[in-house]
2 protein chains.
Amino acid sequence: MDNRPIGVFDSGVGGLTAYKELEALLPNEDIIYFGDTGRLPYGSKSRETIIDYAQQDIKFLLSHDVKFILAACGTVSSTLPQKVADALPVQYSGVVGPAVQTACALTLCGRIGVIGTNLTIRTNAYGKAIRAIKADAHVFGNACPLFVPLVENGQFSPKDPIVRLVAETYLQPLRREGIDTLILGCTHYPLLYDVINEVLDYQVTLIDPGREAAKSVQSFLTVNGLLSERQQEGRREFYVTDSAEDFCSVAKIFLQQDVSGSVKKISLS
Amino acid sequence: MDNRPIGVFDSGVGGLTAYKELEALLPNEDIIYFGDTGRLPYGSKSRETIIDYAQQDIKFLLSHDVKFILAACGTVSSTLPQKVADALPVQYSGVVGPAVQTACALTLCGRIGVIGTNLTIRTNAYGKAIRAIKADAHVFGNACPLFVPLVENGQFSPKDPIVRLVAETYLQPLRREGIDTLILGCTHYPLLYDVINEVLDYQVTLIDPGREAAKSVQSFLTVNGLLSERQQEGRREFYVTDSAEDFCSVAKIFLQQDVSGSVKKISLS
């Protein structure tokens, strides 16, 4: 038994897709969410800066005595060196490993697509992880730099002509490669689920790394006897580095719930 | 005579459009450019955070003993309170005032459009400044949140179907209002000059705030006897808060020149 909270962090709001799954799977756990909204997005920044920011984010969560740290951010998960993760005093997971496990289990033809931010695709973290499990897999990556600004601007409906055109531009090359499985390698992308499905004619299995990561947190805590013994609903706390009010309005898009009252603006320095 | 450098800052790279004009108008002046690339973009962040970041940026330039500070960022220019600007030990200018002066001088029908980031349009800084000069003007604003990510992703050709569709979506409502003058209220937008002109059928005068601001810096320094007495080309220095290498590749898009060797990564904290 371990009653300490689970810590989740992201560059901003995308990680809320993972938070939501975690909350549904483990309702009695305390969860602390940290979003670095004052410096978002991470996906267009340099590797060096992302590692620096991620370490500051982790330090903040550790100062809240968390029992597990989930990097609910495709960019951080693809960039943070394994040795940094291994040196942490608590269990750490990104979203790459769990997503890749599921993709390898579900693909029939062994042709897997990966979409993500520029940096996520450039690092080829998903491709390397897939081939470590399934050496004969064919992996096709495509960077989708406009997906995050579209989602953060509230544009994700399949009926929006810009959303449709952008999705077709990014996804058609992957479709032509004959993929049967697609990893949505950025935690914003599950909001684009419908348009991605439509563009791919519902012929491709979509993997949501936030959901897979939440399942793997649940499994780790269960197997290691680290679940909370609490019987009532856990505490939820959100910390951000830009306006709490702005975070609440975007959070509503991701969570379909009002979290104002649980959000606090903090400074990392 | 004043041989100290001119300081220019922006959230990242957009201010390079103003820098470029300044360099062309005042080749003998030393210029220090600061781009807060580690925290870009500013346009989607909160008012409070933007004021905080702008003050840190200004403090950095002042530590380099500049004689003039140009906020080459539409968002900062629309947000920084006048009393903060007035309290600075050196002359300060944003890009709003000069652009508005020119727009009011050039409009024939008195119907002026303004495009900018979410925050720039929300503050209505351009509208207020226009009506202070020309009380009977009609001002029509439209936020264009996808323009910055498009430009930073190297997408600004009128032949790019996404660029075209996004530009049409943002500009058609302004066209229908019968504007004859349009302020490009964000320093990234001059790179979209061609597509904006095409969508507006070359019927609307486009005002580039970076260019107008550079002209007003030249005029201020000339009138007040503050030009440098140097006879050869001035020194150029660039400071950024994310990777110097990444800045150089994007700077090439804006400046059509290689600035590597003059760029240094620094930390504001």
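Buried area is the accessible area, taken with a 1.4 Å probe, that two parts lose on being put together, summed over both. The views below show a predicted model, in which local features need pLDDT of at least 70 and side-chain atom pairs count only at pLDDT 80 or more, while totals for chains, interfaces and linings use all residues. Residues are numbered from 1 along each chain as its sequence is written, chains are lettered from A and ligands numbered from 1 in the order in which they are written, and side-chain values use heavy atoms, with hydrogens and water left out.

**View 1**
Of the area that chain B buries against chain A, 24% is supplied by Leu146(B), Ile162(B) and Leu165(B), which is more than any other three residues supply. Counting as contact any heavy atoms within 4.5 Å, the interface draws on 28 residues from chain A and 27 residues from chain B.

**View 2**
Two salt bridges are counted between chain B and chain A, a salt bridge being a side-chain nitrogen of Lys or Arg within 4 Å of a carboxyl oxygen of Asp or Glu. A salt bridge joins the side chains of Lys265(B) and Glu48(A), with 3.5 Å from N to O. Eight residue pairs, both residues at pLDDT 80 or more, are in polar contact between chain B and chain A; a polar contact is a pair of N or O atoms within 3.5 Å, where within protein one atom must be able to donate a hydrogen and the other to accept it, and residues adjacent in sequence count only if both atoms are side-chain atoms.
On the side of chain B that touches chain A, at least two residues each come from helix 2 (47-62), helix 8 (147-152) and helix 9 (161-176) of chain B. Helices (H or I, at least four residues) and strands (E, at least two) are DSSP runs numbered from the N terminus. Helix 9 of chain B gives the largest share of that side, five residues. By residue type, the side of chain B that touches chain A holds eleven nonpolar, ten polar and six charged residues, where Ala, Val, Leu, Ile, Met, Phe, Trp, Tyr, Cys and Pro count as nonpolar, Asp, Glu, Lys and Arg as charged, and the others, Gly among them, as polar.

**View 3. Thr107(A) in its loop.**
Thr107(A) sits in the loop that runs between helix 5 (96-106) and strand 5 (111-116) of chain A. Its relative accessibility is 8%, so Thr107(A) counts as buried; buried means under 20% relative accessible area, exposed over 50%, and partly exposed in between, with a 1.4 Å probe and protein chains only. The side chain of Thr107(A) is in polar contact with the side chain of Asp180(A) at 2.7 Å, and a polar atom of the Thr107(A) side chain lies 2.9 Å from the backbone nitrogen of Gly110(A). Leaving aside residues up to four places away in sequence, Thr107(A) touches Ile112(A), Lys134(A), Asp180(A) and Thr181(A).

**View 4. Salt bridges within chain A.**
Over all chains, the whole structure contains 30 salt bridges. In one of them, Arg211(A) pairs with Glu21(A), and the closest N and O atoms are 3.4 Å apart. This pair links distant parts of the chain, since Arg211(A) is in helix 11 (residues 209-223) of chain A and Glu21(A) is in helix 1 (residues 16-25) of chain A, 190 residues apart. Arg211(A), with a relative accessible area of 36%, is partly exposed.
Glu168(A) and Arg164(A) also form a salt bridge, with 3.3 Å between the closest N and O atoms. Both residues belong to helix 9 (residues 161-176) of chain A and lie four residues apart, about one turn of the helix. Glu168(A) counts as partly exposed at 27% relative accessibility, and Arg164(A) counts as partly exposed at 25%.

The side chains of Glu198(B) and Arg164(B) form a salt bridge at 2.7 Å, N to O. Glu198(B) lies in helix 10 (residues 193-199) of chain B and Arg164(B) in helix 9 of chain B, so this pair ties together parts that are 34 residues apart in sequence. Glu198(B) is partly exposed at 30% relative accessibility, and Arg164(B) is partly exposed with a relative accessible area of 26%. In chain A, salt bridges that share partners join Asp30(A), Arg230(A), Arg235(A) and Glu237(A) into one network.
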